[in-house]
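Please look over the sequence and the model first.

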Amino acid sequence: MKVAKALISKANLERIALQDIRSFPGSEHVVSVEVEYEAHEPQGMDWKLCVIANDRGDLDRIQYAAKVTSDPLKRRYDLRLAS
């Protein structure tokens with residue numbers, strides 16, 4: 001059974017992803033998350049998270065946190081593009 005995804009703005013998705021990623025031990029030094037997507041793709045297209053951390057961040061833990069965060073968010077949300 002396919003569940004409908006909720007539409008979410010880029011800014012809200014970035015805020016949720018940042019909070020989720022920072023909750024992982026070793027990822028407290030993440031300073032921002034940006035959602036990247038292809039503008040020519042249809043609504044709900046594939047997007048990815050780009051994470052920026054300061055020098056004290058544990059890159060392996062941050063990469064793991066981004067992956068673990070991204071998967072459920074992709075199942076839950078489609079990106080709503082401003083028209």
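Helices (H or I, at least four residues) and strands (E, at least two) are taken as DSSP runs, numbered from the N terminus. On that basis the chain has two helices and four strands. The model is a predicted one. Along the sequence, the elements follow the pattern β-α-β-β-α-β.

**Overall packing**

The chain has 83 residues, and buried residues make up 31% of them. Among contacts with a separation of 6 or more, 59% are accounted for by residues 24 or more positions apart.

**Helix H1**

H1 has 13 residues. From its first C-alpha to its last it reaches 18 Å, close to the 18 Å expected at 1.5 Å a residue. Its buried residues are Leu13, Glu14, Ile16, Ala17, Leu18 and Ile21. An α-helix has 3.6 residues a turn, so residues three or four places apart point the same way. What covers the buried residues of H1 includes strands S1 (6-9), S2, S3 (47-53) and S4 (77-80), along with H2.

One of these buried residues is a glutamate, Glu14. Is glutamate 14 buried or exposed by the numbers? Its relative accessibility is 17%, and buried means under 20%, so glutamate 14 counts as buried. Which residues does glutamate 14 contact, leaving aside its neighbours within four places in sequence? They are Val33, Glu34 and Val35.

The structure holds one aromatic pair. The ring centres of phenylalanine 24 and tyrosine 64 are 6.0 Å apart, with the planes at 85 degrees, so the pair is edge-to-face. Phenylalanine 24 lies in the loop between H1 (10-22) and S2 (30-37), while tyrosine 64 is in H2 (residues 59-76). The pair therefore ties together parts that are 40 residues apart in sequence.

How do the residues discussed here compare in burial?

| Residue | Relative accessibility | Class |
|---|---|---|
| Glutamate 14 | 17% | buried |
| Phenylalanine 24 | 18% | buried |
| Tyrosine 64 | 44% | partly exposed |

Lysine 74 lies over the face of tryptophan 47. The distance from the ring centre is 5.4 Å.

How values were computed
Residues are numbered from 1 along each chain as its sequence is written. This is a predicted model: local features need pLDDT of at least 70, side-chain atom pairs count only at pLDDT 80 or more; totals for chains, interfaces and linings use all residues. Side-chain values use heavy atoms; hydrogens and water are left out. Rings of Phe, Tyr and Trp (its six-membered ring) pair if their centres lie within 6.5 Å; planes under 30 degrees apart count as stacked, over 60 as edge-to-face and the rest as tilted. Buried means under 20% relative accessible area, exposed over 50%, partly exposed in between (1.4 Å probe, protein chains only). A charge sits over a ring if NZ of Lys or CZ of Arg is within 6 Å of the ring centre and within 35 degrees of the ring normal. Contact means heavy atoms within 4.5 Å. The expected span of a helix is 1.5 Å times one less than its number of residues.
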